[in-house]
Amino acid sequence: MKHIIAPSILSANFARLGEDVEMVNNSNADWFHVDIMDGVFVPNISFGFPVMKAIKKQAKKPLDVHLMIVQPERFIDHFKEAGADTLTVHIEASTHLHRTVQAIKNLGMKAGVALNPHTPVEALSDILADIDLVCVMSVNPGFGGQKFIENTYRKVSKLREMANLENPALHIEVDGGVTLQNYKQILDAGADVLVAGNTVFSSQSPLQTIIELKS
Ligand code: DX5
Ligand code: ZN
């Protein structure tokens, strides 16, 4: 299975966002990873609908939207309208996760569920068959450029075993601290989507870095 690279727009230069979106359009990357933070679920605020719509207008690849917000069910139709192709909510933020997942899918989006570093993958056992993607957080969400948490490998392998039984097509995405040094080990553990913010956008040659991550 060829893996997917999703550069995280959080690490882009917001004063020149159009140029960075264009770079991703012209690269070997597959998706745009779009981080939405509300200052409540995580101790940071990123950006909202107007910025996301501007990205969508220019993007030639799907938007993989990661909601780090409380009560994400309030905004599902807004995110559809703003151009989300995959919509991922945190298990820790969604009381009625099954209903939320169905609402996302009913609007024609792919549904993802994200797990904080302390949340066991077993918490997904009764929703795994219903979802398209699991985002395994390999840092505590809220900021780009943090250090990868090593326990993630174990979580990803376990999750891939669970998925092989329940949902073989499941995307397993690893988000946070992905580098040119650890990406192979992450893929070997069973992930097939790599989010990379700092590694791509702080690199001398983002295009070349994406080629390497994709190799
Ligand atoms: C963290 C975000 C990540 C972040 C990844 O809360 O969910 O998507 O942008 O950035 P890096 O790759 O720099 O750790
Ligand atoms: Zn993210």
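The space taken by ligand 1 is the largest pocket. A pocket is found on a 1 Å grid over the protein atoms alone, as an open set of points with protein on both sides within 12 Å along at least five of seven lines. A molecule sits in such a pocket if more than half of its atoms lie within 2 Å of its grid points. The model is predicted, so local features need pLDDT of at least 70 and side-chain atom pairs count only at pLDDT 80 or more, while totals for chains, interfaces and linings use all residues. Residues are numbered from 1 along each chain as its sequence is written, chains are lettered from A and ligands numbered from 1 in the order in which they are written, and side-chain values use heavy atoms, with hydrogens and water left out.

Strands here are DSSP runs of E with at least two residues, helices are runs of H or I with at least four, and both are numbered from the N terminus.

There are 20 residues around ligand 1, and Asp35, Gly142, Gly145, Asp175 and Gly197 come nearest. A residue counts as near if one of its heavy atoms lies within 4 Å of the molecule. By class, the shell has eight nonpolar, ten polar and two charged residues. In this scheme Ala, Val, Leu, Ile, Met, Phe, Trp, Tyr, Cys and Pro are nonpolar, Asp, Glu, Lys and Arg are charged, and the others, Gly among them, are polar.

One lies 2.8 Å from a polar side-chain atom of Asp35. For Asn198, a backbone N or O atom lies 2.9 Å from an oxygen atom of ligand 1. Taken alone, ligand 1 exposes 380 Å², and the protein buries 99% of that. Accessible areas come from the Shrake-Rupley method with a 1.4 Å probe; for residues, only the protein chains shown count as cover.

Thr199 is placed in helix α7 (residues 198-201). Is this residue buried or exposed? Thr199 counts as buried because its relative accessibility is 18%, and buried means under 20%, exposed over 50%, and partly exposed in between. A polar atom of the Thr199 side chain lies 2.6 Å from the backbone oxygen of Val178.

Thr119 lies in the loop between β5 (110-115) and β6 (133-137). Thr119 is buried, with a relative accessible area of 8%. Its side chain is joined to that of Glu92 by a polar contact of 2.5 Å. A polar contact is a pair of N or O atoms within 3.5 Å; within protein, one must be able to donate a hydrogen and the other to accept it, and residues adjacent in sequence count only if both atoms are side-chain atoms.

Gln71 lies in the loop between β3 (63-68) and α3 (76-81). At 41% relative accessibility, Gln71 is partly exposed. Its phi is near 45°, a positive value in a residue other than glycine.

Ile5, in strand β1 (residues 4-7), is buried at 0% relative accessibility. Glu161, in helix α5 (residues 152-166), is exposed at 55%.

Technical notes. Buried < 20%, exposed > 50% of the residue type's maximum accessible area, 1.4 Å probe, protein only. 1 Å grid on protein atoms, 1.4 Å probe; cavity = no way out; pocket = protein on both sides within 12 Å on 5 of 7 lines; lining within 4 Å.
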